[in-house]
Amino acid sequence: PAILTLAEDQNFRRYFKKYQLPALTNIGTAFGMGLIITTFMAGLESPSGESFGLAVLIGNAHGHYKKEPKLDIERVKAIRQATGGIPLVLHGGSGIPDEQVKAAVAAGVRKMNIGTDVCCTFAEATLETLQDENHSLAIDVFMKKPIAAIKMLALSKMKLLDAAGKA
């Protein structure tokens, strides 16, 4: 995960004592790659009782886009119909414009991964904290800004999809 790579960077490490890095990288990983925004449902069951979802490639990709992505919404509808309504998963959901996300959900996407957005949000808030000359290295104080930034990102996605309170 990105935050583990960041923890190996000597410029980043210089702000921490050796014993602080394991806690920071574990928390960073949990809040980074481990955070997945679900749009409607987390665990549907198949007719045989298994939970499943189908990851689709519809113009999305992991990481940062060099130009604005263009999701193939008609392909989403076709896949959804061809699979009998299996919940579709959008891997590489970071950086996709809001209107395209809404259209993908309307067409059948039921889970969206935004790991790049989460990691970048965490890293930006962490760097802002480190650049504050009065920052604290007490983990409960140090992590306030990064955690708040990720919370705001998650809330914005939930609001975008009208998913708040529907878990």
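L71 touches I58, G59, N60, L90, I96, Q100 and A104, with residues up to four places away in sequence not counted; touching, or contact, here means heavy atoms within 4.5 Å. That residue is a friendly way into this chain, which is a predicted model: local features need pLDDT of at least 70, side-chain atom pairs count only at pLDDT 80 or more, and totals for chains, interfaces and linings use all residues. Residues are numbered from 1 along each chain as its sequence is written, and side-chain values use heavy atoms, with hydrogens and water left out.

**Around L71**

- L71 sits in the loop between β2 and α4.
- L71 counts as buried, at 3% relative accessibility; buried means under 20% relative accessible area, exposed over 50%, and partly exposed in between, using a 1.4 Å probe and protein chains only.
- From L71 to Q100 the chain runs 29 residues, and their C-alpha atoms are separated by 6.6 Å.
- Q100 belongs to helix α5 and is also buried, with 13% relative accessibility.
- Beyond its neighbours within four places in sequence, Q100 is in contact with E68, P69, K70, L71 and I73.

- N60 is found in the loop between β2 and α4, and its relative accessible area of 5% makes it buried.
- Setting aside neighbours within four places in sequence, N60 is in contact with Y65, L71, L90, H91, G92 and I96.
- The C-alpha atoms of N60 and S94 are separated by 8.7 Å, and the two residues are 34 residues apart along the chain.
- G59 also lies in the loop between β2 and α4, but G59 is partly exposed, with a relative accessible area of 41%.
- Y65, P69, K70 and L71 are touched by G59, not counting residues up to four places away in sequence.
- G59 and G92 are 33 residues apart along the chain, with their C-alpha atoms separated by 9.5 Å.

- G53 is placed in the loop between β1 (37-38) and β2 (54-55).
- With a relative accessible area of 43%, G53 is partly exposed.
- The contacts of G53, leaving aside neighbours within four places in sequence, are I86, P87 and V89.
- For G53 and P87, which are 34 residues apart along the chain, the C-alpha atoms are separated by 4.9 Å.

**The chain as a whole**

- The chain has eight helices and four strands; helices (H or I, at least four residues) and strands (E, at least two) are DSSP runs, numbered from the N terminus.
- Read from the N terminus, the order of elements is α-α-α-β-β-α-β-α-β-α-α-α.
- Of the 167 residues in the chain, 35% are buried.
- Among contacts between residues at least 6 apart in sequence, 63% join residues at least 24 apart.
- The accessible surface of the chain is about 9,900 Å², and 57% of it belongs to carbon and sulfur atoms; accessible areas come from the Shrake-Rupley method with a 1.4 Å probe, and for residues only the protein chains shown count as cover.

**Helix α4 against helix α5**

- Helix α4 (residues 73-82) packs with helix α5 (residues 98-107) at an angle of about 20°, and their axes are 9 Å apart; axes are lines fitted to C-alpha atoms, for helices over the stretch in contact, and angles run from 0 to 180 degrees between N-to-C directions.
- That angle makes α4 roughly parallel to α5, a term for angles under 35 degrees.
- On the α4 side, I73, V76, K77 and R80 meet Q100, A103, A104 and A107 in α5.
- The residues of this contact divide into five nonpolar, one polar and two charged; Ala, Val, Leu, Ile, Met, Phe, Trp, Tyr, Cys and Pro count as nonpolar, Asp, Glu, Lys and Arg as charged, and the others, Gly among them, as polar.

**Helix α6 against helix α8**

- Helix α6 (residues 115-131) and helix α8 (residues 144-160) have axes 8 Å apart and pack at an angle of about 145°.
- The contact joins D117, V118, T121, F122, A125, T126, E128 and T129 of α6 with K145, P146, A149, I150, L153 and K157 of α8.
- By class, the contact of α6 with α8 holds seven nonpolar, three polar and four charged residues.

Terms used:
Parallel < 35°, antiparallel > 145°, perpendicular 65-115°, else oblique.
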